[in-house]
Amino acid sequence: MSILATEQVSHSFHDRWLFTDLHFGLQKGDRVALVGINGTGKSTLLKILAEQTVPTAGKVVKERGIKIGFLSQEPSFSGMETINDFIYSPDNEQQQLIKAYENLLNSNKIDQQRLAELTDKLSAMEAWEYEHNIKTILNRLQISDFNQTIDSLSGGQKKRLSLAKLLIDEPDVYVLDEPTNHLDIETIEWLEKLLTTGNKTVLLVTHDRYFLDNVCTEIRELDKGNLYIYKGNYTYFLEKKAEREAIDAITAEKAQNLLRRELEWMRRQPQARGTKSKARIDAFYNLEEKSKGIQKAENVQLSVKMSRQGSKILELENISKSFSNTKIIHCFSYTFKKGDRIGLAGKNGSGKSTFLNLVTQVLSPDHGHVVVGETTKFGYYKQEGLIFKEDDRVLDIVKNIADYIEMANGDVITASQLLTLFLFPPEKQYNLVSRLSGGEKKRLQLMRVLMSNPNFLILDEPSNDLDIDTLNVLEAFLENYPGVLLLVSHDRYLIDRLTEQLFIFESEGNLIICNGNYADYKLEQEENTRKEKNQIKNVQPEKSTRKSRIEKKKLSYKEQLEYESLEKGITEIELIIKQKTNILNTVSDHQELTSIALDIEKLQKELDVKSERWLELSEYI
């Protein structure tokens, strides 16, 4: 039985029907991915199911008392001033207690009596585990300053904050629109485990095929207003979709043959047709619709010419870069070779963007040298997005670079023809760029980068806001791209398919080179972890069994002292984090900002360790 479903839902957008009489149901424990090309209505359907949008016709029905959590691509924070206001719901007693406890710890002078009262209440409500879960979620999503105003957050920070709130609230149904945007790979892997733990009901739209495969057990495709269901992973979906389209093509071909005969009959009929032929006339129009069959999806033709590349491309000679005594990159050397395909991996803030700025000489290294070859021509696709004026039209963006473009096969085409190849038909070329969707702006930005004929291509998170079909075409182009490719992406599928080497950004400015793609790197990491565990098991004396731990009734004197020390230490660290966070909000220098942020991250890790041990000991108090 469905806990959330639509009843004959229809919806139109700009006088165009996205879907009509659509039935979409979710049962408890379903984990469903919704796929389809841009413009089919995926995000609209999610909003209708989450009761954020009222459908043109039909309605949404749900089980009584069910709670739906919705993650939008563009979260709304109306009426909320600070992160603290947004995170803790006023109608959730446990959350309000935790909020009061956190505020008290962050105050300049702690009221010990009030602290004892709150501690007792949290214990009585068994809310310590919940409090620990909230901290874990916020730390994972890099949210530390609860007093920061929401207006001061970037788009990525707002998306992570909205995701954190949804996960903290633990809804009955998780409705997620592109949940992996603005997350690093480690956080995505953590989110996968969280969503697949317990019997959660999940509906999501994502371009991340590994995330889709690891989380979802069913794929539903929205295509020209119709819904197709596939019980299996993404590979199974592609196979069955190809079979369905092949059958549709055969059906359409048969209908076309019959249509030719019916068309002759229609032409022979007199203008004043009798009622007896009306049924056949109606059948003719139905047949005409059926004969159209499946329209072949247009392809983005990424085949622009590449500039000639010499033997000397780019050399990094012992480069180092620090911000406020915090090492970002330390003594790294590498000589780029023809055909290099390198992926950059590491946590958010680990130095990937700094590295790209050093490579493109936007920044200068503190030590060492960056030597660029005379023929090297960079094409830099930046995460920040397309820069344009309010009155810029789509065609202007291309003509600002060139009126004519030479393709890889030597053909010369106009700017308008190139836009058509990139799925911008003539009627859209005179539209304002500001009216384009996020995915269309990204496609236009990518087109501008490739038009410059680069032989050293740098792509910073190219998969954000692009649908899977466009990504497939981009990947097909990049697989045959003869120049040097430097790729930053949280999309593990993209990195696995396109790279042959990884630069891994670790702490203290360490940058290590790994041969192979991300899957190879993870395999190596898991093998090393297994070896370390085996070594520890062989060296350390056997630990007490689980049974003896359960039977333990009270702490030893030494553990009691440790427990009291931890309480004091946790409070001190939380105060330091608060002070540093306050300083962070007043600093504008980029180097100092990075240094303070790294200090906060280290303190947060220390706080997590101490908190975990404190929780362990508190069980016996």
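Trainee: Which helix gives the most to the lining of the second largest pocket?

Mentor: Helix 6 does, with four residues. Keep in mind that this is a predicted model.

Trainee: What volume does the second largest pocket have?

Mentor: About 670 Å³. Its lining has 27 residues, and those closest to the centre are Gln 52, Ile 68, Phe 70, Phe 86 and Lys 165.

Trainee: How do the lining residues of the second largest pocket divide into nonpolar, polar and charged?

Mentor: Eleven are nonpolar, nine polar and seven charged.

Trainee: Let's pick out Gln 52. Where is its place?

Mentor: In the loop between helix 1 and strand 5.

Trainee: Is Gln 52 buried or exposed?

Mentor: Gln 52 counts as exposed, because its relative accessibility is 52% and the cut-off for exposed is over 50%.

Trainee: And what is Gln 52 in contact with, leaving aside neighbours within four places in sequence?

Mentor: Lys 47 and Phe 70. Phe 70 is also among the residues closest to the centre of the second largest pocket.

Trainee: Which loop holds Glu 51?

Mentor: The loop between helix 1 (42-49) and strand 5 (57-62). Glu 51 has a positive phi of about 60°, although it is not a glycine.

Trainee: Why point that out?

Mentor: Because most residues other than glycine have a negative phi. As for accessibility, Glu 51 counts as partly exposed at 45%.

Trainee: Change of topic: cavities. How many are there of 30 Å³ or more?

Mentor: Two. The largest cavity has a volume of about 330 Å³.

Trainee: Which residues are closest to the centre of the largest cavity?

Mentor: Glu 102, Asn 106, Ser 144, Phe 146 and Ile 577, out of 21 residues that line it. Helix 3, helix 5, helix 20 (557-584) and helix 21 (590-618) each give two or more residues to the lining. By class, the lining of the largest cavity has eight nonpolar, seven polar and six charged residues.

Trainee: At what angle do helix 3 and helix 5 pack?

Mentor: Helix 3 (residues 93-105) and helix 5 (residues 128-140) pack at about 70°, with their axes 10 Å apart. That angle makes helix 3 roughly perpendicular to helix 5, because 65 to 115 degrees counts as roughly perpendicular.

Trainee: Which residues make the contact?

Mentor: From helix 3, Gln 94, Gln 95, Ile 98, Tyr 101 and Glu 102. From helix 5, Trp 128, Tyr 130, Glu 131, Ile 134 and Lys 135. The contact residues divide into five nonpolar, two polar and three charged. Glu 102 is also one of the residues closest to the centre of the largest cavity.

Trainee: What about the strands? Where does Phe 503 lie?

Mentor: In strand 20 (residues 501-505). Phe 503 counts as buried, since its relative accessibility is 0%.

Trainee: What does Phe 503 touch, not counting residues up to four places away in sequence?

Mentor: Its contacts include Phe 332, Tyr 334, Phe 336, Ile 342, Leu 344, Phe 355 and Leu 511. The C-alpha atoms of Phe 503 and Leu 486 are separated by 9.9 Å, and the two are 17 residues apart along the chain.

Trainee: And Leu 18, is it buried or exposed?

Mentor: Leu 18 is buried, with a relative accessible area of 7%. Leu 18 is found in strand 2 (residues 16-22). Among the residues that Leu 18 touches are His 11, Phe 13, Thr 44 and Gly 225. Asn 226 is 208 residues from Leu 18 along the chain, yet their C-alpha atoms are separated by 9.3 Å.

Trainee: Last one: how many helices and strands are there in the protein chain?

Mentor: There are 21 helices and 21 strands. Buried residues make up 46% of the 621 residues in the chain.

Note on methods. Residues numbered from 1 in each chain as written. Predicted model: local features only at pLDDT ≥ 70, side-chain atom pairs only at ≥ 80, totals over all residues. Heavy atoms only, no water. Axes fitted to C-alpha atoms, helices over the stretch in contact; angles between N-to-C directions. Parallel < 35°, antiparallel > 145°, perpendicular 65-115°, else oblique. Contact = heavy atoms within 4.5 Å. Nonpolar A, V, L, I, M, F, W, Y, C, P; charged D, E, K, R; others polar. 1 Å grid on protein atoms, 1.4 Å probe; cavity = no way out; pocket = protein on both sides within 12 Å on 5 of 7 lines; lining within 4 Å. Points joined across faces, edges and corners; volume = space filled by probe spheres on them. Buried < 20%, exposed > 50% of the residue type's maximum accessible area, 1.4 Å probe, protein only.
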